[in-house]
Every structure is written in C-alpha cells, then in structure tokens.
Amino acid sequence: DWNPGNVIAEQVERIRAQVGDARVICGLSGGVDSSVAAALVQRAVGDQLTCVFVDHGLLRAGEAEQVEQDFVAATGVQLKVVDARERFLTALAGVSDPETKRKIIGREFIRVFEDAAREVVEDAGAHGDTVKFLVQGTLYPDVVESGGGEGAANIKSHHNVGGLPDDLQFELVEPLRTLFKDEVRAVGLELGVPEVIVWRQPFPGPGLGIRIVGEVTAERLETLRAADAIAREELTRAGLDREIWQCPVVLLGDVRSVGVQGDGRTYGHPIVLRPVSSEDAMTADWTRLPYDVLATISTRITNEVPEVNRVVLDVTSKPPGTIEWE
Ligand code: XMP
C-alpha cells in the first residue's frame, strides 16, 4: 500500500545516492511542489542544500513574504533571495506568443539559478567547489504532459521539464517525479511542512506571465495582481478554498470593451475568472461557484481596479480547454 513514510524513506536513500557530498541548490516558488521537494532534499542531505527564491516579478500579491515567513520560519532552510523583476520584464518585452513566453521565462529562470549557484559557492567560501545539482518539484502529470511519459503529447512546455537551455550545468534531482498532487501533500504533511503551504492551490511556474493574454508589462501585472488578490480574498472568505482546485484569474491585455462608470464612458480590459474542480489537473470541470460570491468578486474588481471594467466567467471543461489560458 502507498504511504508517505515509505516514499520519504525511499526518496531520502535515492537522493543521498545521487548527490553524495556535493552541494545542491533548489528553487523555491512558494508552491507546494518546490517546498515539499526542498523539504525532502533537506531531510536527505541537510545543509548541503541552499534554497534560492527568484522573485521574477510574476508572483501574486504577498507571495514573496509567504516564502520567507511561512516556509523558512518552519524549516530553517538556508535561503537566498534574488530580485530578478527587471530582468524578466526586459526579456518579455514585446512578446505575446504563449509558448515563446514560457520558453523565455524558463530560460531566464535557469540562468538566474546559474548565477545564484555561483554566488552560493562563493558565499560559502568553498573555492573549487561547485553546485552540481538542481532540485525540481516536477510531478508525474508534468512529466506526462511534456512528453516524458509513454504515448504522451507535448501539449505545453512546462518549464520545469522542457525548455532547459543546452548549456544547462546542473544535474536534476526530481524526488516528486512519480507522484500526483494529493500524494505530494501527504508527503509534505509527513515532513512537517506547514499546512498553509501544503494546502496551497497550484500556481504555474511562469506565474502571472501566462495569465496576461498579450504582452506582459509592469502596468498589466499590477492590474492583474490587484484583481487576483480580490478574487482570492473573496473565495477564502466564502470558505471555498478546498472546494476548488484552483482559480486562475486572467487579464485579457489585448482586449478592450466599452463600459460606463459614473458619468463617463470607460474602455477597459476584461478579467476572466477560471475556477476549476479537479483531482490531478489532467482533466477538470468548471466550478459552479455561488452567484453571490461571483457578484461580490465582480463588483469589487470593477470598483477597485481602475483598468478593469468587465469580469467574465470561463465555463469550459478540460478538455477541451486547458486550465490556464496560455
Ligand atoms: P493546464 O493549463 O495545462 O494546467 O491545464 C494544468 C496544471 O498545471 C499548471 N501549470 C503549470 N505548472 N509550470 C508549472 O509548474 C508550468 O509551466 C505550468 N503550466 C500550467 C496549471 O496551473 C494547472 O494546475
């Protein structure tokens, strides 16, 4: 029978065998996958591990703080924070194509890690030493959808599997590669990862970068972040967090529609709510949210976010739609 204790024991052995006494680096995204992967590797090789948190500027409101406060406080893991917000914005300037965005974000992400790895080695004063391994919170569904599994199609290049640059200088450690999300949560709880992180809804590595249809700009990110924070706050207030798998909030950056507010005509952007119910993200159904919750979210977003004058609901299952819009 499957049980988290066995998975941990088995993975700890595997990680030790793979890594030996080399140094290991891990990217923390704030999500359950990277957090549990980091906790597992820390269990296996202790302070050979340094975690790196890349603030790529595509995060939701408050997420940087959650990584530093919740996860680091609970685990005591060594953390290096890299502020790469400008770098990602520059790299994404003028780019609208979804797959190109994903590839750019994935590529920049790895490069930032390579720089961080060098600094980690220098900071430790370990001259001649190298950070040889990179931990990734890749799950089984990521492997399958990126064409890593048998008979699988490459639907999207999930940046934690595909899209790595040819000159990648890390060997990957992927202790969650055989697990589904619910299994990762069980492993996380068993490892003592805080519940607030273990029960966090999934959020894609490329972050808000793939939730802005059209070019990613600082202004659009600010708009989407404000709308997303309102939606999350109201869903939590309504007690719906465990009922929905996740609720992407999407900004249609290249679409405008006419509206009216006060005495004036507006010409703003629509926000799409994409609440879905799912077991493993391979298939999903749209969540029948209560109308009064939808009404509150819509009223608040259009009142509080000036650039948004319309809120629409995505009522598409997966398939044929994917959960994310890009
Ligand atoms: P789709 O849009 O393919 O999403 O139905 C399935 C699940 O995967 C998440 N997702 C990602 N996660 N890196 C990630 O770590 C990615 O590039 C990525 N793209 C999608 C998505 O949020 C959903 O939970």
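The cover over the buried residues of helix 3 includes helix 2, strand 2 and helix 8 (195-198), where contact requires that the C-beta atoms of two residues, placed from the backbone, lie within 7 Å. Helices (H or I, at least four residues) and strands (E, at least two) are DSSP runs, numbered from the N terminus. The model is predicted: local features need pLDDT of at least 70, side-chain atom pairs count only at pLDDT 80 or more, and totals for chains, interfaces and linings use all residues. Residues are numbered from 1 along each chain as its sequence is written.

The buried residues of helix 3 are Val-67, Phe-71 and Thr-75; a residue is buried if 20 or more other C-beta atoms lie within 10 Å of its own, exposed if 12 or fewer, and partly exposed in between, with C-beta atoms placed from the backbone. Viewed down the axis of helix 3, its buried residues fall within an arc of 35°, so they line one face of the helix; the arc is that of the directions from the helix axis to the C-beta atoms. An α-helix has 3.6 residues a turn, so residues three or four places apart point the same way. On the other side of helix 3, Glu-65 and Ala-73 are exposed. Just after helix 3, Gly-76 adopts a positive phi of about 70°.

Strand 2 (residues 49-55) and strand 3 (residues 79-83) pair in the parallel sense over five bridges, pairing being assigned if DSSP finds at least two bridges between two strands. Within this pair, Val-54 has Val-82 of strand 3 as its bridge partner.

These strands belong to an open sheet of five, in the order 3-2-1-4-5, with parallel pairing. Strand 3 and strand 5 (171-173) stand at the edges, each with a single partner strand, so one side of each is left without a neighbour in the sheet. Neighbouring strands of this sheet are turned by 30° against each other on average, direction ignored; axes are lines fitted to C-alpha atoms, for helices over the stretch in contact, and angles run from 0 to 180 degrees between N-to-C directions. Helix 2 (residues 32-45) lies across strands 1, 2, 4 and 5, running at about 165° to strand 1 (23-27).
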